[in-house]
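Okay, thanks everyone, let's get going.

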Amino acid sequence: METSVFFQVVLYILICTLFLISIKTFFTTKLILKTAKEKNFFLKKELESRKVEQKQLEEKNLFLENYNLSLFNKLIEITEELFLIKKIILEECYNK
Amino acid sequence: MKKLLILPLCLFLNFYGFSQNPQINIDKIKSDLSQNPSDSLKIKAYSDLCWFYRTISTDSAFTYGNLALKLSKKTNNKVGEAQAHNDIGILYYGLADYNQAMKEYNLALKIRKKLEDTLGLASIYNKIGLCYQNTFQLDSAIVYNTMALEIYEYKNNLKYANALKGNIANIYRGLKQYDKALKTHLELAETANRTQDYSLLTRSYNNIANAYLHKEDTLNSVTYFIKGIDVAKANNLENELGALYNNYGTLLSSKGQIKEAIDNTLKSLIIRKKINDNLGIASSSLNLGDLYLKIGEYKIAKNYLDEGIKLAENFNANELRVNGYSNLSYYFAFIKNIDSVKYYQNKYKQIEDSIFNNRITKEIAEVQEKYNANERENQILKQRAELAEKKQDISQKNSFIIGLVGLAIVLSLLGFLVYNQQKIKNEQLKKESELKEALVKIETQNHLQNQRLNISRDLHDNIGAQLTFIISSLDNLKYGFKLPENLNEKLKTISEFTTSTIYELRDTIWAMNKNEITLDDLQSRISNFIDKANHASDTVNFNFVFDDDLLKTTTFTSLVGMNIYRIIQEAVNNSIKYAKSSIVDVNFEKQVNNLQITIEDNGKGFDINKVEFGNGLNNMKKRALEIGAEFKINTKLDHGTKITINHVINT
């Protein structure tokens, strides 16, 4: 009889303990979910900002590609003109 | 004396309702039978004849009872068969052959059980109970009477239920449990008084008075006898009145009030003779004989004693007989008739031995009953203890099972919660790693793009320095040497082209060094440009209007900002260079979700249909298209030009 009562007491204490652990697990899970949501939110936000940055850089590089081409053309044009002037000056010196 | 009281009382209780004019009923039934009725009616008639002959001729009663039984069996009439067994049982009961009576009752019981005749069953249970009561098996008597009582109470038949309660109380009295018996009779009297059942009330009063007598409470006994007599008189209940007078007379005699006792017993005798109650007559006569002997009236006493003994012998009432023989022997002693004294004393001895044996049997039965009762009580206690133990055991087992079920549920719940937690953790880790991977990938790409941007910046710095060197060299050449006029002109053109290239390069570097251009930045850049233009040409009046409603926090990407700046620059240059304007207005205006930029001049304008678009106008259009803005030109010859750019902004 006493053994049976002892086992019952142990059983009900075990149930109570497990129940408390269950409650703790439930709330921990909720906390994990909340933290995960926040973390995901920040990561997504950062990803978005990186994407925007990437887009801007791509645009800039594309623009610079064209611009650099036109700049080189202009430089060649200036160089051409300078060679022509050099030629004229040298011709004038020889003629003298 | 007490035994004398009990016997007539029991008989009176059992058959109190069936003693009126039997011969008339017999004649009537016989006349009905002569008309040859149906079998079922014949059975009923035989059964009724058996009942009515019971008090007149036992043999005739048996004959008709057997006829009813035979016919019932022949016609398979189960109701009739049960009734016949019941009637025959009553006859055997009347002859004090209780074993035979019980056999018949049991046969009737078997049939009525099959027929599910509950009231019939209750009646049989009652009669079996009486048999057990008379054979001193009082425990069985109580069981059967209780079974009958339960049925009558269930059927709400209060009359029979109350009679049974009275009977059970009498059994308690037989067991010498007078308090219990008295309590039940008092309850019954209260019920009878409430329901105005005066027959039951008088019987209850009689029983209460007898119970008090057993408890030796003479005062209360007298009170209840007188009460009973009053009620019986008022309601003309002769049967009950006869018994009450007789019992009261016995009480008075025991108190020495002989004269009053004779009066009451005489009254009892008269009433009993009137209703033809033979045993009652015997009892009252013998009592009177005893009372007259006590007062020395031997002759009168002899007459009463003879009458009483005759009836007692006829009805085999031994208790009455022994009383009668004793009194007769006293009588013959008074008249000095020795032989008769001897004769009656022998008879007395003989009967008294038989009664003594009966008493011994009763005492043994009572002791056995008590022993059985104790044993039963012990057994009940033991069973109760076992039951309680079992109950506790079951309760503990249930509690254990509930606990195990609870444990299983809690374990399942915990398992599910832990599994769920792990699942969520894994999902989160997967998502997180995916996002981080994407982030790393983009960062790597951005790093590469930044490297390209840096290379471009280095290149631009280099080219800027070279262009500045070229301008400086050209200026030295121009002012250090005396060159021909055409060469100076050429040098000026190259210098201007190089300067514009440097400006363009600076603007580009400005835009490329910023991640985003605010409206503030754009405004100050344009203001600088307009100021320079103002310095360059005194004839042109520049107005730059900036809408205060425009949010200063509005931002553009560096590419958009630079393209807007270039469009404005081109438009202003065109106004000065080609349109020869005196006023140039630049407006920044906020519309719903748009930034509207207008560059308006009062120059010579042009016919948009006739003039072919040059590099400047095409460049402006192309730049607007690149940034997704709307580009409009409104111009008329000699009416100035208005260029409108609508660009969607995010505020």
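So, α11(B) and α12(B) are roughly antiparallel to each other, because the angle between them is about 165 degrees and anything over 145 counts that way. Do keep in mind that this is a predicted model. Helix α11 covers residues 198–214 of chain B, helix α12 covers residues 218–234, and their axes sit 8 Å apart. The crossing of α11(B) past α12(B) is left-handed.

Who's touching whom? On the α11(B) side you've got, among them, Y198(B), L201(B), Y205(B) and I208(B). Across from that, α12(B) brings in residues including Y224(B), F225(B), K227(B) and V231(B). Sort the residues of that contact and you get eleven nonpolar, six polar and one charged.

Okay, on to the sheet. It's an open one with five strands, in the order β2-β4-β5-β7-β6 (chain B), and the pairing is mixed. Which strands are at the edges? Those are β2 (541–546) and β6 (630–635) of chain B, each pairing on one side only. From one strand to the next, the twist averages 10 degrees.

Helix α20 (residues 519–536) of chain B lies across β2, β4 and β5, at about 170 degrees to β2(B). Helix α21 (residues 558–577) of chain B touches β2, β4, β5, β6 and β7, and its direction makes about 15 degrees with that of β5(B).

Conventions: Residues numbered from 1 in each chain as written. Chains lettered and ligands numbered in written order. Predicted model: local features only at pLDDT ≥ 70, side-chain atom pairs only at ≥ 80, totals over all residues. Heavy atoms only, no water. Axes fitted to C-alpha atoms, helices over the stretch in contact; angles between N-to-C directions. Helix = DSSP H or I, 4+ residues; strand = E, 2+ residues; numbered from the N terminus. Parallel < 35°, antiparallel > 145°, perpendicular 65-115°, else oblique. Left-handed = near helix turned anticlockwise from the far one by under 90°. Contact = heavy atoms within 4.5 Å. Nonpolar A, V, L, I, M, F, W, Y, C, P; charged D, E, K, R; others polar. Pairing = 2+ DSSP bridges.
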